[in-house]
Amino acid sequence: MKECGYTQKEAQRLISKGRVFQNGQNITKTGAMIEGDFELVEFEPISKGLEPTYETKHFVVFDKPSGVLIHPQNRHTPYSLVDELRFQFGKEANITHRIDQETSGLVLCAKNKQAEIDIKNLFETRQIKKTYLALVRGKLDKELEINAPLLRQKHQDTNVRTIVVVDEKGKPSQTFVKPLKYFSDIDATLVEASPHTGRQHQIRVHLFHVKHPIIGDPLYGQSFENMMRYFDRDISDEERLENTNAPRLLLHANSLHFDLYEEHYDIYSKENFTQTALSLVKM
């Protein structure tokens, strides 16, 4: 704590996460007495030069590229958005919500602990409105209000992989979908999706549920075998493209709308998602 400047709470958290070693063995008891040398695995952020798309005194917003993780999966993860955030704004900065690895677009990040608490409270009380853009299969010519409860479940053939399904035992979930433009040459519709609730994979599962799955989705709309091969990274780029018609999930977090500290914010992505999506579709 004295050497690295950690508080007692931070030091205990590092021990509980298995980050402290002596003679190659994890120290697991926060009150244990140790003597001699020990090792500490500490997160050291790196930067790839991704600049925020919006910044204030209390928060920043990044336009995350598709393929970038929000948080590192383990200590061997080479790069995540947390790296970029903490490299630029320090170790107190933190991400306040998640989007999937393949989803591109806006991610709201707090610069300090108090802002993190306040922004997360806005998300929990549904005071932040988010809109997404997606390119979906088929022609959608009217607005939809999708009310379908969602349940996270581990598939019976595996106790590792979790998928989300529409199930009456699940949590209430609501998504509003508005068609923006139909592209007859590829039989696909650009839609705006606004989730009222924030369940895992909500937009993806709801659009699949109404028979307009997102192009490029490697999970929802695929066979169980191909889903597992995707999870296990055992499917080639060529097969992925043949199965889903795009090399990535064509979903983009496009806007954020909220009030914080007596200020109102309407923040929009600067990426041209429509152009990107159409360039990636291979029918």
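## The chain as a whole

The model is predicted, and its values are computed from the predicted atoms. The chain has 283 residues, of which 45% are buried. Its secondary structure consists of seven helices and 15 strands. Taken along the principal axes, the C-alpha atoms occupy a box of roughly 70 × 50 × 40 Å.

Contacts can also be sorted by how far apart the two residues are in sequence. When the residues in a contact are at least 6 apart in sequence, 62% of such contacts join residues at least 24 apart.

## The second largest pocket

Empty space is found by rolling a probe the size of a water molecule over the atoms. The second largest pocket holds about 1100 Å³ of space. Its lining comprises 30 residues, and those closest to the centre of the pocket are Leu14, Lys17, Arg19, Phe43 and Arg86.

Helix 1 contributes the most, with four residues. Sorted by class, the lining of the second largest pocket contains 15 charged, nine nonpolar and six polar residues.

Asp83 is buried but forms no salt bridge. The nearest side chain of opposite charge is that of Lys48, 8.7 Å away. A salt bridge requires a side-chain nitrogen of Lys or Arg within 4 Å of a carboxyl oxygen of Asp or Glu.

Which residues are in contact with Asp83, leaving aside its neighbours within four places in sequence? They are Phe43, Glu44, Pro45 and Ile46. Of these, Phe43 is also listed among the residues closest to the centre of the second largest pocket.

## The largest cavity

A search of the whole structure finds one cavity of 30 Å³ or more. The largest cavity has a volume of about 40 Å³. Pro218, Gln222, Asn226, Tyr230, Ile235, Arg240, Asn243 and Thr244 form its lining.

Helix 5 (224-231) and helix 6 (237-244) each provide at least two of the lining residues. Helix 6 gives the most to the lining of the largest cavity, namely three residues. By class, the lining of the largest cavity is made up of four polar, three nonpolar and one charged residue.

How values were computed: Residues are numbered from 1 along each chain as its sequence is written. This is a predicted model: local features need pLDDT of at least 70, side-chain atom pairs count only at pLDDT 80 or more; totals for chains, interfaces and linings use all residues. Side-chain values use heavy atoms; hydrogens and water are left out. On a 1 Å grid over the protein atoms alone, a cavity is a set of points where a 1.4 Å probe fits but cannot get out, and a pocket is an open set with protein on both sides within 12 Å along at least five of seven lines; lining residues have an atom within 4 Å of a point. Grid points are joined across faces, edges and corners, and a volume is the space filled by probe spheres set on the points. Ala, Val, Leu, Ile, Met, Phe, Trp, Tyr, Cys and Pro count as nonpolar, Asp, Glu, Lys and Arg as charged, and the others, Gly among them, as polar. Buried means under 20% relative accessible area, exposed over 50%, partly exposed in between (1.4 Å probe, protein chains only). Lys and Arg count as positive and Asp and Glu as negative; His and the chain ends are not counted. Contact means heavy atoms within 4.5 Å.
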